[in-house]
Amino acid sequence: MLESIAIPVGERELILQTGKMAKQANGAVTARSGGTIVLSAVVVADEPREGIDFFPLTVEYREKTSAAGRFPGGYFKREGRPTEKEVRTCRLTDRPLRPLFPKGMFDEVQIISEVLSADDENDPDVLAGVAASAALAVSDIPFAEAVGMVRVGLVEGNLVINPTHKQMETSALDMVVAGTQEAVTMVEGSAKFLTEEAVLEAIQLGHAAVKKIVEGIRELSARCGKPKVEHQLISVPDALASAVEELVGQEVVSAITIPGKTPRNKAVNALRERLKTELIGEQENPPYTLTQIEMAFKDLQRRRLRELALRDGKRADGRGLLDIRPISCEVGLLPRTHGSALFTRGETQALTITTLGTVSDKQRADTLIGEQSKRFMVHYNFPPYSVGEVKPIRGPSRRDIGHGVLAERALLTVIPNDIDFPYTIRVTSDILESNGSSSMATVCAGSLAIMDAGVPVSAGVAGVAMGLIKEGDRHAILADILGIEDALGDMDFKVAGTREGITAFQMDIKTIGITREIMSEVLREAKKARLYVLDVMNQTLEKPRPSISELAPRLTIIQIDPEKIGAVIGPGGSVIRKITQDTDSVIDIEDSGKITISSPTDEAGQKAVEAIRALTEDVEVGKIYRGTVKKIVDFGAFVEILPGKEGLVHISRLADHRVNRVEDIVSVGDEIMVKVTEIDDRGRINLSRKDALSTSKGEEPGAPPERREPNRPPHDSDGNRRRDDRSNDRRDRPHRR
């Protein structure tokens, strides 16, 4: 049955429709804003997956250029592996939905969102999250609550819901807010040095818009939603919970409070194996499954960890609730890189490398709004040895991409623009050790490595992950959380920024009832923690190096008349090819006439600039040029002073004395200094060697010519043919009547 509903969101309507497409899926909904339409379809498997202890939810999102009436770029005219934008959108959809499925559900669920139509105004990423939530709501799949999602921008000082692409170009905020009617469940985005209060205000405005979307989804589900089908849920019997409590209830506290991650994990794993042995043993038909035992043991750990924080103010590693683990920083440790840093915070360690490149090194991507490029990248890698595991490495995971994007957003705000600093910048982060918030360690290490490379950033950036444990009216805020606190706590709120304000954030909430007051308190404590980390970082490197690394290429930017680009390139590229070979430089030319020269040394770059200037500059009256004699006539010499531009030196202007024959002074191929004296109405250029000599040497016009000593070169230091060259000097020729 075809049903649709229109929901006013921001300045436009959000239209949800179901019953027309993908009718064999358990649920399918299209979400439309303007000319952008996204289809989301959800399907559930008939039986639970065996032998797993997690909910197998898969979220896919795809953008096809056909939705925007375009062909894919490149050789293959078909979309390939997911782009960074597509992976990021998958995560945006997954994170707020996953916690709302029933606990103990192990049936595989798949959500696939596809962009069917894309305009140049509305971003489809938030539409994908809304469409997926609505598809679950109208399906027969059990799902706790509808979820809404919006983007919040700050345009000209005003908060805007679901701003357009054009508005986002000048927005000081890019925030995605997702949540239910009762609570915010996810926040992610970047900001340009916003205060904590401004970020909190944006979250609240976003949640108000989310509530409207949730109401619309509920109404759509009430009209045409399918009855929910009961799925087999794996639960923990009371008898099993009691048995686990009795067997390891006391020992688990000792295990989870061992300071080191590796010994703590070993102790916890030993208790887990002991439970399996005592509760299952050699029984052919044990009363409990391994999954049930794992769930019961995890519940026990969760209760004990939360009791320690709420009742005793203690944490797994013995710290106080707001204590930051010991931090150490080192920069410049890798001799052949442009910049490097090692940041260690407790048992989390990030090694970052900054590489400076040219315009041609920019990342180019084919998107729904056309080809785009970016000159600043952060690439995050999480090798398995960082957590003491053995796993195959098969390229960056979705988590790797998501963490890299978060760190990139945090650092991008302080990166200088391409006019002041025309380099392409790449930061690679390898996590060498991990126990809590390696993405924020990447922010800190990345900031140090960028400054070590000499990038003139406006400020240092640091980040910290905050946690929360809440039971009823009691709550405990945790600073610099561990991995176990992230897994068993109620919040993971990553906040990065400078002393001036926030530049990036990512929050996931697993419980309801997080009030504005609690969130405000978390942000205040996050600021204190961030400033502390910045203080420690400043002890190692407080500001950028005074100059870029000696190993980095030298970039020079010049601007020429676009109509003269052809003169620089030359027939078949011959001219620019010769310049690059002579100067060992890389030259990039844009249609606007902007030329970027990348050279190994400053001298080579200047040589390339001079060659290009000579090809493109106009002849100026009164300026002295070094020219080449191209042709000699009875009344003077024609001299090329710029490529393709010749002028006449009249015989009377060749020297500061009377000249009877042009050949007595110059020959074809000679390089001489000449001064432009006139450009007549017909564009003819008149030159004077006499005036050039007088200006450059300070010679008197009537000074007698010098006689060249034996073995002296026939040209002077300026490249002018010497007047006392005996092969041309009229005084050494036979007298003629």
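Predicted model: local features only at pLDDT ≥ 70, side-chain atom pairs only at ≥ 80, totals over all residues.
Ground rules. Local features need pLDDT of at least 70, and side-chain atom pairs count only at pLDDT 80 or more, while totals for chains, interfaces and linings use all residues. Residues are numbered from 1 along each chain as its sequence is written, and side-chain values use heavy atoms, with hydrogens and water left out.

Rings to begin with. A pair of aromatic rings is described by the distance of the centres and the angle of the planes. Here, rings of Phe, Tyr and Trp (its six-membered ring) pair if their centres lie within 6.5 Å; planes under 30 degrees apart are stacked, over 60 edge-to-face, the rest tilted.

How many aromatic pairs does a search of the whole structure find? Four. One of them is Phe 101 with Phe 143, edge-to-face, at 4.9 Å centre to centre and 65° between the planes. This pair links distant parts of the chain, 42 residues apart. Phe 101 is in the loop between helix H1 (84-97) and strand S6 (107-117). Phe 143 is in the loop between helix H2 (124-138) and strand S7 (148-155). Helices (H or I, at least four residues) and strands (E, at least two) are DSSP runs, numbered from the N terminus.

Phe 101 counts as buried because its relative accessibility is 6%. Phe 143 is buried too, at 14%. The cut-offs: buried is under 20% relative accessible area, exposed over 50%, partly exposed in between (1.4 Å probe, protein chains only). Ring pairs link Phe 55, Phe 101 and Phe 143 into a cluster.

Next, why is the pair of Tyr 380 and Phe 382 stacked? The ring centres are 6.4 Å apart and the planes are at 10°, so the pair counts as stacked. Tyr 380 is buried at 3%. Phe 382 is partly exposed at 22%. Arg 399 lies over the face of Phe 382, at 4.2 Å from the ring centre. The test is NZ of Lys or CZ of Arg within 6 Å of the ring centre and within 35 degrees of the ring normal.

Now the sheet. Eight strands form an open, antiparallel sheet, in the order S8-S7-S9-S10-S21-S20-S18-S19. Two strands pair if DSSP finds at least two bridges between them. The edges are strand S8 (158-161) and strand S19 (474-479), each pairing on one side only. Inside the sheet, six bridges join S10 (residues 184-194) to S21 (residues 502-509). Met 186 has Asp 508 in S21 as its bridge partner.
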